[in-house]
Amino acid sequence: MELSNRILKFGLNNTNSLLINPINGAIDIVPNKIFSLRYTLENSKQILGDSEREYLTNRGYFFSEQKREDMLIDLESISKQHSQKVPYWFYVLTTLNCNFGCPICYEKKTLENSEISLKKLEKIINTVNVFQKEHKLSDSRINLVIFGGEPLCVSNPELIHQILEISSEHKWKNIIVTNGSRVNNFIDMFIKYSNTISDFRVTLDGPRIVHDSRRSYLGGRGSFNDTVNAIDLLLEKNLSVKMQTILGAGNISYFEDLIKFVKEKDWLQNSLFQWRIEGSHDYTNLDIKKDEISEGKIVQKLIYSLEEHRELQGKLKFESFKYLGHIVQSFGWLGKYNTYFGPKYGFCEPQKGFHYVFSTNGKIYHCPRTINNSDFCVGTIEENAILSNELKNKTVLDNPKCSQCTINTLCGGGCVVQKKYYQKLNCQEYALSTIAEFIDLTKDKILEHASSDKIVSINNLW
Ligand code: SF4
Ligand code: SF4
């Protein structure tokens, strides 16, 4: 009986290695002496006692290929069960106009003076209604996300009012994604609909100089003051703010300064304030000045920041995990989450069929990164329906390459947009190198759990 070749093994130092079992989720730190002989259960008898051998067997390190295939099918029920509660996000683009000229904007090629009419909004709402009925979704799972461009740059404020009013009537929730510059103009309306509005997503990308270089008005004036004032105003009016910071190469080294600023503002003491970190990812922008940094580098930064600044616990969240969610959650490095970190059968919420983007042209797109991109159109409001298509609701089991892949339950099938624009990408190599880089970056923290004599299990099995 051989140790499954599906197990990921990372050397930590001369004494210990980390084992990750993508078949059942097990993560264990093991003494290297276990592997000084061939990786066989029989040979391990010479080093391990009976109980340790049994332990390794129970952790699934000797699973046969047949057992792996059976488990992959069985475990899907965990993911399906979780899907019963996942909220749906219907992005409503009120306008593709924006008063900012951010150099890192992934929508910059689509920004234009286009605004939806009230008639078009009615059709969008009808489409959401049809979808809700067809899928038998409770009202509490429906979110209309007010999105743009800058969604508050509308010439007709009645558009925003109608979205809030209709959501209130349906008992749906709203999320408002805004650069903050026009919050003041709508504040009375937001207070009136505070029960309907779940939260505001306002981006603050760094301390003043850094934020201003990444988030300037058209014409170049910095927006730092206005963004900070908008967050202050929303909090003062008891509206919930999930401040966002998009970490990239251009601002990661200033993150500590931003933490200092946030602490000075006393926002962390406010129960209505949360801080969400995202990674900059833009697969359609082949510009050499791309801002992206690896998932491993972002998560490492957050782990060390949380350790240094205890006040950030429970406030700072990173949810755009691609490959590292299960590992990070197992070690508990970023605190408690409501997010699902079980075996991944889909890559991201849009691909799992939970997100739809209604653009100003009446078409429905796959995800916010694909607005007005005909390759990713998934329906139109004229047909009153979101069409089923190749992009959504596919699991790793639907793709022969993914169902055979060793790291499928950590990956979930990869990003369809990345695959389209980087056709030569070796996705397994890419995912594995992301995981390996992260293990290397966090080696010291992993070794805090290690023992030279015994196996240390980091988590429970899925
Ligand atoms: S790494 Fe590639 S083959 Fe493996 S699950 Fe992800 S997308 Fe599929
Ligand atoms: S499909 Fe790709 S680009 Fe779109 S949200 Fe998912 S990971 Fe991002």
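Student: Which element gives the most to the shell around ligand 1?

Tutor: First, this is a predicted model, where local features need pLDDT of at least 70 and side-chain atom pairs count only at pLDDT 80 or more, while totals for chains, interfaces and linings use all residues. Residues are numbered from 1 along each chain as its sequence is written, with chains lettered from A and ligands numbered from 1 in the order in which they are written. Elements are DSSP runs numbered from the N terminus: helices (H or I, at least four residues) and strands (E, at least two). The biggest share of the shell around ligand 1, three residues, comes from H15.

Student: Okay, and which elements give two or more residues to that shell around ligand 1?

Tutor: A residue counts as near a molecule if its C-beta atom, placed from the backbone, lies within 6 Å of it. Around ligand 1 that picks out residues including Cys 402, Cys 405, Cys 411 and Cys 427. The elements giving two or more are helix H12 (400–404), helix H13 (408–411) and H15.

Student: How many nonpolar residues does the shell around ligand 2 have?

Tutor: Here Ala, Val, Leu, Ile, Met, Phe, Trp, Tyr, Cys and Pro count as nonpolar, Asp, Glu, Lys and Arg as charged, and the others, Gly among them, as polar. Ligand 2 has His 281, Phe 347, Cys 348 and Arg 369 among its surrounding residues. Sorted by class, the shell around ligand 2 has two polar residues, one charged, and, for nonpolar, eight.

Student: How far apart do the C-alpha centres of domain 1 and domain 2 lie?

Tutor: Domain bounds come from an automatic or database domain assignment. In this chain, domain 1 is 8–78 + 430–457 and domain 2 is 88–386. Their C-alpha centres are separated by 38 Å.

Student: And which element gives the most to the side of domain 1 that touches domain 2?

Tutor: Two residues are in contact if their C-beta atoms, placed from the backbone, lie within 7 Å. By that rule, domain 1 puts 14 residues into the contact and domain 2 puts in 14. On the domain 1 side, helix H3 (65–83) and helix H15 (427–441) each give two or more. With six residues, the top giver is H15.

Student: What is the bridge partner of Gly 379 in E14?

Tutor: E13 (residues 377–380) is joined to E12 (residues 363–365) by three bridges, antiparallel. E13 also pairs with E14 (residues 385–386) in the antiparallel sense, over two bridges. In E14, Gly 379 has as its partner Ile 386.

Technical notes: Pairing = 2+ DSSP bridges.
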